[in-house]
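Here is a short briefing on one protein model. Please read it alongside the sequence and the coordinates.

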Amino acid sequence: MKSGIHPDYHEITVVMADGSEYKTRSCYGEPGATLRLDIDPKTHPAWTGVQRILDTGGQVAKFNKRFSGIGNIKK
């Protein structure tokens, strides 16, 4: 390896979304820094397979109101 061109590689603490933590080596921050994760593989739906549907701001209700007549054929 060439000297002087590589970033400092040191130990940091990673804190997962559930509060568990572990130590790893990284170029992030200063030696002894803490990296806090808001989303991690234990909680993110892409890895857990658990999906939650949130109706934020009434978007689902707005959709249902707007398109409620489709499919209901009146004779």
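Thr13 counts as buried because its relative accessibility is 11%; buried means under 20% relative accessible area, exposed over 50%, and partly exposed in between (1.4 Å probe, protein chains only). This is a predicted model: local features need pLDDT of at least 70, side-chain atom pairs count only at pLDDT 80 or more, and totals for chains, interfaces and linings use all residues. Residues are numbered from 1 along each chain as its sequence is written, and side-chain values use heavy atoms, with hydrogens and water left out.

**Thr13**
- Thr13 sits in strand E1, residues 10–15. Helices (H or I, at least four residues) and strands (E, at least two) are DSSP runs, numbered from the N terminus.
- Leaving aside neighbours within four places in sequence, Thr13 is in contact with Glu21, Tyr22, Lys23, Ala33, Thr34 and Leu35. Contact means heavy atoms within 4.5 Å.
- Across in E2, Lys23 stands opposite Thr13.

**Sheet layout**
- Three strands make an open sheet with mixed pairing, in the order E2-E1-E3. Two strands pair if DSSP finds at least two bridges between them.
- Strand E2 (21–26) and strand E3 (34–36) are the edge strands, and each pairs on one side only.
- From one strand to the next, the twist averages 35°. Axes are lines fitted to C-alpha atoms, for helices over the stretch in contact, and angles run from 0 to 180 degrees between N-to-C directions.
- In a regular strand, side chains alternate between the two faces of the sheet.

**E1 with E2**
- E1 and E2 run antiparallel and are joined by six bridges.
- The two strands form a hairpin with five residues between them. In the turn, Gly19 has a positive phi of about 100°.

**E1 with E3**
- E1 and E3 run parallel, with three bridges joining them.
- Val15 has Arg36 as its bridge partner in E3.
- Leu35 lies in strand E3. Leu35 is partly exposed, at 26% relative accessible area.
- The C-alpha atoms of Leu35 and Val15 are separated by 6.1 Å, and the two residues are 20 residues apart along the chain.
- Beyond neighbours within four places in sequence, Leu35 is in contact with Ile12, Thr13, Val14, Val15 and Tyr28.

- Ile70 is found in the segment after helix H2 (59–66). Ile70 is exposed, with a relative accessible area of 63%.
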